[in-house]
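Have the viewer open and follow along.

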Amino acid sequence: MNSLELQLDIDLRQIIVAIETAVSLVGMDDTNHGKRVGYMASRLCQELGFSEADTQYAFELGLLHDCGVSTEQMHANLINYFDWDNAYLHCETAYALLKDFEPLAKFARPILYHHTPWEKLKTMDVSLFDKRMANIIFLVDRVDAIAASHYNNDILLFRTEALGIIEQFKGRYFDPALVNAFRELVRTEAFWISLKDRHITRYVWDMEQLGNNRPLTLGQLKHLSLILAYVVDQKSPFTAKHSVLVADLAKYLATVYGFSPEQCAKIEIAGLLHDLGKLHIADAILDKPGKLTEAERAIMNTHSYETYEILRHIKGLEEIAHWAAYHHEGLNGIGYPFHPLAQSLTTEARMIAVADVFQALVQDRPYRSGMSLEQALGILDEMVDSGKLDFLIVSLVHEHRDHCYQVAKGEGKYADGFYVTSTNHNGQPQGLSLKV
């Protein structure tokens, strides 16, 4: 059996919650938007008398609806403007990412239309189910945009105003039947109080325990990791394809080291996911073309811990979570954020650390050209001498120097991942294909 066909005991609901956790980090000071949208969507479905299956679907749809958002500025525009002209951009990106990933493909079309006004959507050639779900998400998403700054202080005073704003768009943006049901749903104080941060995080934790017992294959987990790597790498133009190329190099090093195909695939997945926590780093810090200040560096040094927090809650990914989160740790204890003893740094984690450094050194960035092979190897050697990187892994890079350089640069047949097949007039991806 092909190693990618191996079935893994990983719960799909936990994966969906992890995607929401990662994408919501883009909100910086507000990291619960997707959770609140999922909660409100499921409650509205209950009010409408939908089946339990459809209610659970709406909850997961709400968690996933913003998976096309990578930048802090895009998140801010979606929250600060009730009807932002470019809101469709993240809908199209999310659709392109999910449509070919079978476990989550059923969510792609409602996400594509979740900012489409009802007066237009109702006439489109889209199934009634997808129309209703898309419009439910649109309605509760806009409620959250209106009310987000009030949940933890004066929401019970503001709730009438919030409902009034939604009522103004009844029939135009929102299906009148949904608005009527929402009006009944929100009569109670409990509905609004439940949206406070401490309550909504507990609700999602409870929902996560219900599970969605659909195991994934190793190949599907890789596909999912490519989706998340694409979102991360779109966060900054300075690091385009970084996650994918680190994963390629780590997998190559694992292969020449002699690991099994299954272990090589898992190392590749850890490489794809290693920078998930960068979604919570301000765009201005990631995009800074010069040296970071001490304060900015302290913020940057939080990202690998955020990666760990996202992944460690997924049963079955415990090892991968550690390999990914340890990519800035040194054998000498100098690094961040955990400072583990050298014996706690597995060979897999050491490979990802070397791949991360080497790829960053040779990658062209908008503010500098990538280093030559000799320059990059010299820095790796210095890091071995200081006790930070593993001598054996760096020796593998030396032994296969030209091949490693080619992989890290994304040349030839390497650079697995998504590539853009078409764009709209704003340069936003409309078509994405998976290259493996």
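A residue is called buried if it has under 20% relative accessible area, exposed if over 50%, and partly exposed in between (1.4 Å probe, protein chains only). One caveat before the details: this is a predicted model, where local features need pLDDT of at least 70 and side-chain atom pairs count only at pLDDT 80 or more, while totals for chains, interfaces and linings use all residues. Residues are numbered from 1 along each chain as its sequence is written, and side-chain values use heavy atoms, with hydrogens and water left out.

| Residue | Relative accessibility | Class |
|---|---|---|
| Phe182 | 1% | buried |
| Phe191 | 1% | buried |
| Gln359 | 0% | buried |
| Val362 | 0% | buried |

Start with the rings. Rings of Phe, Tyr and Trp (its six-membered ring) pair up if their centres lie within 6.5 Å; planes under 30 degrees apart are stacked, over 60 edge-to-face, and the rest tilted. That rule gives 18 aromatic pairs. One of them joins Phe182 to Phe191, edge-to-face, at 6.0 Å centre to centre with 85° between the planes. Both belong to a cluster linked by ring pairs, along with Tyr39, Phe59, Trp192 and Tyr203.

Next, helix H20, which spans residues 347-362; helices are DSSP runs (H or I, at least four residues), numbered from the N terminus. Gln359 sits in this helix. Contact means heavy atoms within 4.5 Å. For a sense of scale, Val362 and Gly49 are 57 Å apart, C-alpha to C-alpha, and 313 residues apart in sequence.

Finally, a helix pair. H14 (residues 242-257) packs on H15 (residues 261-273) at about 155°, with axes 7 Å apart; the axes are lines fitted to C-alpha atoms over the stretch in contact, and angles run from 0 to 180 degrees between N-to-C directions. That makes the two roughly antiparallel, the term for angles over 145 degrees. On the H14 side, the contact includes Val246, Ala250 and Ala254, and on the H15 side Ile267 and Leu272 are among the residues involved. By class, this contact has 8 nonpolar, 3 polar and 3 charged residues; Ala, Val, Leu, Ile, Met, Phe, Trp, Tyr, Cys and Pro count as nonpolar, Asp, Glu, Lys and Arg as charged, and the others, Gly among them, as polar.

Terms used: Angles under 35 degrees count as roughly parallel, over 145 as roughly antiparallel, 65 to 115 as roughly perpendicular and the rest as oblique.
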